[in-house]
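Dear colleague,

I am handing over the structure that I have been working through, and I would be glad if you could look at it alongside my notes.

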Amino acid sequence: MRQVDAPPSARIQAIAILLERGWGKAVQPIAGEDGEPIRIVIRQLNEVTDLDLTPTGKTAGLVN
């Protein structure tokens, strides 16, 4: 930041990094396509099947 021989763009980038470390980055709002907050739904799917998965070369309990 204080190096006179450094390019101005590098000095400005150094200043920005120091400000972010000292004051923190600005909050970036996250919204969906319609401007509403993003909603996250986590679902767990449990399915019980009666398939024979042994490697026999057959269709392993599936009906053709």
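What follows is a short account of the chain, its helix and its surface.

Please bear in mind that this is a predicted model, in which local features need pLDDT of at least 70 and side-chain atom pairs count only at pLDDT 80 or more, whereas totals for chains, interfaces and linings use all residues. Residues are numbered from 1 along each chain as its sequence is written, and side-chain values use heavy atoms, with hydrogens and water left out.

The chain contains one helix and zero strands (DSSP runs, H or I of at least four residues for helices and E of at least two for strands, numbered from the N terminus). Of its 64 residues, 3% count as buried, where buried means under 20% relative accessible area, exposed over 50%, and partly exposed in between, with a 1.4 Å probe and protein chains only. The chain exposes about 6900 Å², of which carbon and sulfur atoms supply 57% (areas by the Shrake-Rupley method with a 1.4 Å probe, only the protein chains shown counting as cover for residues).

Helix H1 covers residues 8-23, and its 16 residues reach 22 Å from the first C-alpha to the last, close to the 22 Å expected at 1.5 Å a residue (the expected span being 1.5 Å times one less than the number of residues). After H1 comes Gly24, with a positive phi near 85°.

Within H1 lies Arg11, which is partly exposed at a relative accessible area of 30%. Although Arg11 and Met1 are ten residues apart in sequence, their C-alpha atoms are 4.5 Å apart in space. Leaving aside residues up to four places away in sequence, Arg11 touches Met1, Arg2, Gln3, Val4 and Ala6 (contact meaning heavy atoms within 4.5 Å).

Leu19, also placed in H1, is partly exposed, with a relative accessible area of 48%.

Best regards
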